[in-house]
Each structure stands twice: as structure tokens, then as C-alpha cells.
Amino acid sequence: MPDPQTHVIVGGGLAGAKAAEGLRNEGFDGRIVLIAEEGEAPYERPPLSKDYLRGESPREKARVHPDGFYADHDIDLRTGTAVTSIDPAGAQLRLAGGEQVRYDRLLLATGARPRRLAVPGADLDGVLTLRDLADADALRARLASTARLVVVGAGWIGAEVAASARQMGCEVTIVERAEVPLQHVLGREIGELYAEIHRDHGVELLSGAGPKAFVGEARVERVELHDGRAIDCDLVVVGIGVTPRTELAEAAGIAVDNGILVDEHLQTSVPGVFAAGDVANVSHPFYGSRLRVEHWASALHQPEVAAPSMLDKPAVWDRLPYFFSDQYDVGMEYAGLASGEDEVLVRGDRDARELIAFWLRDDRVVAGMNVNVWDVSEDIEGLIRAGLPVDRARLADPAVPLADLLPPPNPA
Ligand SMILES: Cc1cc2nc3c(=O)[nH]c(=O)nc-3n(C[C@H](O)[C@H](O)[C@H](O)COP(=O)(O)OP(=O)(O)OC[C@H]3O[C@@H](n4cnc5c(N)ncnc54)[C@H](O)[C@@H]3O)c2cc1C
């Protein structure tokens, strides 16, 4: 007899799709309903600012699963369907057309949406954001006829769009409030590395600057900055961060604070309701505090905890934050969690852009970023987890294998 229960997942992004797969992998043979507002089978977003945006990879390559996966695994994938409300007391939710769906367990994987700038002209034609495939299609089409692009915000999305647009032949100006790109994550010193990379590729970087208004007749023609400067352009991409999509949870009385609050099993304040991915603000056992990580790896791996948790099996989320970025010929991975206050130590060749940057606090590694150096993430995570004082000279010396800096494994 198959399990008579119905487990419902709201959100057909990476987290939602992997959770549906995870429930089947865990042996759940009841009903799975995966409800996705977008009219697309689940896909991954990283290509949208990289190869897909540049027209170098097909749409299908971004799909989380191959065609037929959902039917083959008896997953009721409902695309183009929005959930409008949740009734936790009655264990049911309502869809946009009015249909009610009952659930035994519910996973909220509603992701995030781009923040908008509240300045005059923000709604002008040609002022775009990038989150989904439709945005990427629209941006790619526009870039083909764009001479000058202004990117507002040098976070990851802004920096990657700037790089792709340069590779597509556009003139690009980045307007960034901080001194250097990515400063809030990487700090001043390593952010400067990214400033150099973009300048070397011909990007004009206006730092310490913010838009006061977007100006144009039928479409954007100029960005006016607070400091009086103005940049002529024919397209603007605003990449100033995202806001977690918590409105459904909030209206249902589920605890929310910078995301949906979940414990280390990814359960929300309401028993039987779970959250994962960009929207989840997780109580993290390693840090002893809450973390909401808006990156691909969390959306990929949190379902490995959410799915068993939904089936009352023991599982705990304690992976360290991890993300990656590709800009021009510079690839990087970052693991851990540093702040602007932490000391930076560089191992490798900064000028050749082959290096590992470590962030140290009280002589201990709290984060590491490898740039065009590969297969070191595991060792970097080992150093962070070990939490032991490090020998700076050996850490900075590429001739010393990182594995040699790790404590010996505990005898079994
Ligand atoms: C352009 C771009 C490039 C990126 N590149 C990188 C990268 O290089 N490296 C990296 O680590 N991370 C990257 N990221 C971040 C990464 O893609 C996200 O962390 C990841 O997509 C989060 O997945 P998710 O499933 O939690 O949320 P999402 O991908 O946002 O999916 C949530 C889905 O839920 C749907 N939904 C929301 N509300 C409802 C509702 N009420 N009813 C039905 N459906 C609903 C939404 O429509 C959406 O499709 C990138 C993101 C973007 C946008």
C-alpha cells in the first residue's frame, strides 16, 4: 500500500525541485505536489547572468531535472500556478484559481525577489532587474542592441552582468555605493581585486556613488547620480540585492524575520511546515546563530535535510555557507563567513589572479576564497571547522599543502 499522505512543496526553483526528488530518494511513495508560479519546469539561476545570458548555452542546460523526470517519479508538477494562502490549522492551501490543496507536510521554497530602487524613473522602460528566465531573455535581447549599459550595484549579480555585457561588446559603467565591488562580502582589500579585474576589462567603475534618478522620454537615456554626475546610457540593470518571499508564511502566522525562521531541521515555527533555500533563515549549529544564505549551494543541499525532516527522520543542516562566481576568465569559490573586520591573508599570486584569500579572526580561519585555484574547498572547510590557531607563514605558503595544516583526524 502506498503511503496515503500528501506532501506539498511551494516554489519550483532549485530548492523545491530537489526537495521533491529528495522525498522520493528517502522512499516516500505517497503523493507529492510541486507548485511553481513560473510557467517553466524548475531551473537553476546561475547561468542566467553567465553563459545563458551571453547566448552560449541552451535553455535546457539550466533545467534542474531532465524532461520526463517529474512524470517518471510521479511528482505532480503544477507550473504557472501560484499559491495565494496557507491555512496551517486546516493543513491546506489555496491556489490562484481558488482550488484548495490539502497537505500532510508542507515545504516553503519560495525564494527571493530583486529589490527595487525607490528613485524617480525606476519604472522607465529599459530599467531592468534579473531573477528569472524571462528576465534573462529580455536582458539578452536588449543587450544585443545596447551601446552603453549602466549596472547599479556591484554585488554578485551586478558584477556578473557587467562581465557578460562586456563580453557581448557593450560599454559598461558600474555605479556602486561602496568603495569597491563586493565590499560587504569580501572587504576592501579583496573587493579591490574585483575592481581591478573589471577595470582591466574596460568597465568604468564609479564607486561611492548612487543613482538619484533615471531619466528619459519613452525609455531610460541617462542615470543621474547624487554627486551631480550623469551617465548617458540605453539600458540599466539594477542589482542591489534580494528580499526573501515570506508573504505567504507571514500571512499564515509562521514566524518570519529576514526570511522564514527554521530550526536546524528546517522546520518552521509551525509543526509540519518546513522551509528551504533563499527564503529560509536557519538556526545554524556551527555558528550558534541564524543564517540566511542566498546561494545556489544552500538551495541544492538544504533539501537533503528538509526531505528527511518532512518524513520524521533525523537530519540537521550544518553545512558551511558556500558560493561560487564566474566573471570573465576568473572563477572563484568562497566558503565560510567573514566580516569586514577580519584580517585577510593571501596565499598565491594576486597579480596572476591565482590565489586563496583567507579571513582570520583571533588567528583562526573563518572563511576562504579560492580564485582560479581548484579542489581546495574541502581543506578550506576543514580549517574553518577545526577552529584552531593557524601558522600564518605556512598558511600563506603555496608550497605547504593545505591538508598539512589540518588537525589529524580523530582516531575512530
Ligand atoms: C542571475 C542569478 C545568478 C546567480 N548566480 C549564482 C552563482 O553564480 N552562485 C551562487 O552560489 N548562487 C547564484 N545565484 C543564487 C541562486 O540562484 C539562488 O540562491 C537559488 O536560485 C535559490 O533557489 P530557491 O529554490 O531557494 O529560490 P528561487 O530560485 O527563487 O525559486 C523560488 C521559486 O518559487 C516560486 N514562488 C514564489 N512564491 C510562490 C507562490 N506563492 N506560489 C508558487 N510559486 C512561488 C518563484 O516563482 C520561484 O520560481 C544566482 C541567482 C541569480 C538570480
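I looked up Phe286 and found it partly exposed, because its relative accessibility is 32%; I take buried as under 20% relative accessible area, exposed as over 50% and partly exposed as in between, with a 1.4 Å probe and protein chains only. Tyr287, at 24%, also counts as partly exposed.

I note that the model is predicted: local features need pLDDT of at least 70, side-chain atom pairs count only at pLDDT 80 or more, and totals for chains, interfaces and linings use all residues. Numbering runs from 1 along each chain as its sequence is written, and side-chain values use heavy atoms, without hydrogens and water.

I found seven aromatic pairs in the structure; rings of Phe, Tyr and Trp (its six-membered ring) pair if their centres lie within 6.5 Å, and planes under 30 degrees apart count as stacked, over 60 as edge-to-face and the rest as tilted. Phe286 and Tyr287 have ring centres 5.0 Å apart and planes at 90 degrees, so this pair is edge-to-face. Phe323 and Tyr334 are stacked, because their planes lie at 15 degrees, with centres 4.8 Å apart. Both Phe323 and Tyr334 are buried. I also recorded one aromatic cluster, formed by Trp156, Tyr194, Phe323, Tyr334 and Trp359.

I then checked for charges over rings (NZ of Lys or CZ of Arg within 6 Å of the ring centre and within 35 degrees of the ring normal). Arg385 lies over the face of Phe286, 5.3 Å from the ring centre. Arg140 lies over the face of Tyr52, at 4.5 Å.

Last, I traced an open sheet of five strands, in the order β3-β2-β1-β7-β19 with parallel pairing; strands are DSSP runs (E, at least two residues), numbered from the N terminus, and two strands pair if DSSP finds at least two bridges between them.

Key. Helix = DSSP H or I, 4+ residues; strand = E, 2+ residues; numbered from the N terminus.
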